[in-house]
Amino acid sequence: MHDQTSRDGIAENALPDRNAAPDPWWETQSAPPRSPSAEEPITARPPASPITVGKPAQHRIKRAPIKTALHMVGLLMILFSATMLPPMAVAWWYDGYGVVMPFAQALATMLGLGLLCWLPVCRFKVDLRNRDGFIVVVAFWFLLSLLGALPFMLSDNPHMPLVDAVFETASGLTTTGATILSGLDTMPRAIVYYRAQLNFLGGMGIVVLAVALLPMLGVGGMQLYKAETPGPMKDEKLTPRITETAKNLWYIYVGLNVLCTLSFWWGGMNFFDALCHSFATLALGGFSTHDASIGYFQSPAIELIAGFFSLAAAVNFALYFMAWRARSLKAVFRDAEFRFCMVVMGGIIVIACAYLYFSGKFPLWESVYHGFFQTASVITDNGLGTIGYPADWPVFVPLLLLLGSFFGGCVGSTCGGIKAIRFLLLYKQSVREARLLIRPSAQIAVKLGNHPIPDRVMQAVWGFYYLYIFSYCFFSLALAATGVDLVTAFGSVAGCLNNMGIGLGETASNFAPLNDTATWLLTLSMLVGRLEVFPLLLIFLPDFWK
């Protein structure tokens, strides 16, 4: 049975009941029930006989979920194939015909597979359920990580094997920023741009973008939105229509990218570098156009700009929308999660800057701007780096920032990690338990602002926290089992699971030294972190398929 709290108004805006038995598959495309008359109680309706149902109808109903998945995945692949056009234009402008062809071949492959999935079921009326949304999102992310690797595999420079190409693509789409490539300064501009574009698309979520476009094709998107967006309160919307919500998020996202590009350009970058680094910064993706990352420019202004926009990208984009609609920033500063997030980040930035100065690593001004940028970059899970980080910095600072990367930023932002609201709720729950030890009979509610948080949401937060830490331990031990040393194993998994992109030990600057098994494991960990565990876990539960 469903928990009683899942039927009241507060919890309906919280989470779907994960403990409840999922809707059976046969309800997905079944005909609408006949409305009973006033004299005919519902309980008096006799069950349908086997003759009424019939074998053909039963057969059709069982195939509905597969048709839904094929229809949706096919459409999404067709849409994604169009993203090969901008790299082709960049290759034509900067690099020549030889670099255009790998992207053209990738476009043809994606478009062909998308049509192959969609055409057989194009007349099928899609009625997405929550279960279908999870299947489509998980399948699409895995397929995209494979198909998006084609340009890396088909290019002459770089010419990457499958495992490395999939790792690089997944790292870009999940906005992790961990890379296997080197020699970026001499690499074709189209490849460098393509990496930045992967960050841009993955930042706000490819599926959220698709939700804004799917109504043009007659397909609703609420279930995809809920499966794709991070955070414990997935049903909250900016507008009554989920399509408008997705569009508004993307308008804000693109607008901030324009501001960031102009700021980098003003700070001294050329336009190409400014555009690519704005994609990486607002998506908190971490892919740079140079091997030395932001440290290549050796510019305090650029580091301060990157640090500021990293913090801006870690704020819930819904707050920007409300501030724009109200023409006031009060909605931003009244938000409990925002205030908590800024206090935590501000404290870690001060500690890092102070340690860099008092340890003698940098003079005062350099300690300030290096510490501010690098702390903002790592905690928000951006992953752009400055000079010598982390190998040449005092070990305390990289360790502090690595642990800080689990914090992430606000829900509804482009950051990774566990998210500030979960830490805030866990803190409030801990205080509540301490107070109950003093007054066992007291009725103490966990509140966010002035709103009590339902127990169902708290249970989901505790469940997510457990699964996240369990995933971290599992991947770390699995990496160590492949022969990787412990510092590299734990640092690399933290960098990939948190979608932060900077490891420790052998992966401090590049993930190329890892063996193939370790690379596959880290690729999976990036997807687990990006989808926040639960969508992947659901497809392995037997009840999900009943």
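Biologist: Where is Arg 327 found?

Modeller: Arg 327 sits in the loop between helix H15 (317-326) and helix H16 (330-333). Keep in mind that this is a predicted model.

Biologist: What is the phi of Arg 327?

Modeller: Phi is near 55 degrees there. That is a positive value, in a residue other than glycine.

Biologist: OK, peptide bonds then. What kind of bond joins Asn 157 and Pro 158?

Modeller: A cis peptide bond. Its omega is about 0 degrees.

Biologist: Which helices lie on either side of Pro 158?

Modeller: Helix H7 (150-154) and helix H8 (162-173). Pro 158 is in the loop between them.

Biologist: What about Tyr 389 and Pro 390?

Modeller: A cis peptide bond joins that pair too. Omega is about -5 degrees for Tyr 389 and Pro 390. Pro 390 lies in the loop that runs between helix H18 (364-379) and helix H19 (396-404).

Biologist: On to helices. At what angle do H4 and H9 cross?

Modeller: Roughly 155 degrees. H4 covers residues 85-95 and H9 covers residues 189-204. Their axes come within 8 Å.

Biologist: Why is H4 called roughly antiparallel to H9?

Modeller: Because the crossing angle of roughly 155 degrees falls in the range over 145 that counts as roughly antiparallel. So H4 is roughly antiparallel to H9. The crossing is right-handed.

Biologist: Which residues make the contact?

Modeller: From H4, Pro 86, Pro 87, Val 90, Ala 91, Tyr 94 and Asp 95. From H9, Arg 189, Ala 190, Tyr 193, Tyr 194 and Gln 197. By class, the contact has 8 nonpolar, 1 polar and 2 charged residues.

Biologist: How do H8 and H9 pack?

Modeller: At an angle of about 45 degrees, with axes 7 Å apart. The two helices are therefore oblique to each other.

Biologist: Which residues of H8 and H9 meet?

Modeller: Glu 168, Thr 169, Ser 171, Gly 172 and Leu 173 of H8 meet Arg 195, Leu 198, Asn 199 and Gly 202 of H9. This contact divides into 2 nonpolar, 5 polar and 2 charged residues.

Biologist: Last pair. How do H20 and H21 cross?

Modeller: At roughly 110 degrees, with axes that come within 10 Å. Helix H20 is residues 420-438 and helix H21 is residues 455-481. They are therefore roughly perpendicular to each other. Their crossing is left-handed.

Biologist: What makes that contact?

Modeller: H20 gives Arg 422, Leu 425, Leu 426, Gln 429 and Arg 432. H21 gives Asp 455, Val 457, Met 458, Val 461, Trp 462, Phe 464 and Tyr 465. The residues divide into 8 nonpolar, 1 polar and 3 charged.

Conventions:
Residues numbered from 1 in each chain as written. Predicted model: local features only at pLDDT ≥ 70, side-chain atom pairs only at ≥ 80, totals over all residues. Heavy atoms only, no water. Axes fitted to C-alpha atoms, helices over the stretch in contact; angles between N-to-C directions. Helix = DSSP H or I, 4+ residues; strand = E, 2+ residues; numbered from the N terminus. Parallel < 35°, antiparallel > 145°, perpendicular 65-115°, else oblique. Left-handed = near helix turned anticlockwise from the far one by under 90°. Contact = heavy atoms within 4.5 Å. Nonpolar A, V, L, I, M, F, W, Y, C, P; charged D, E, K, R; others polar.
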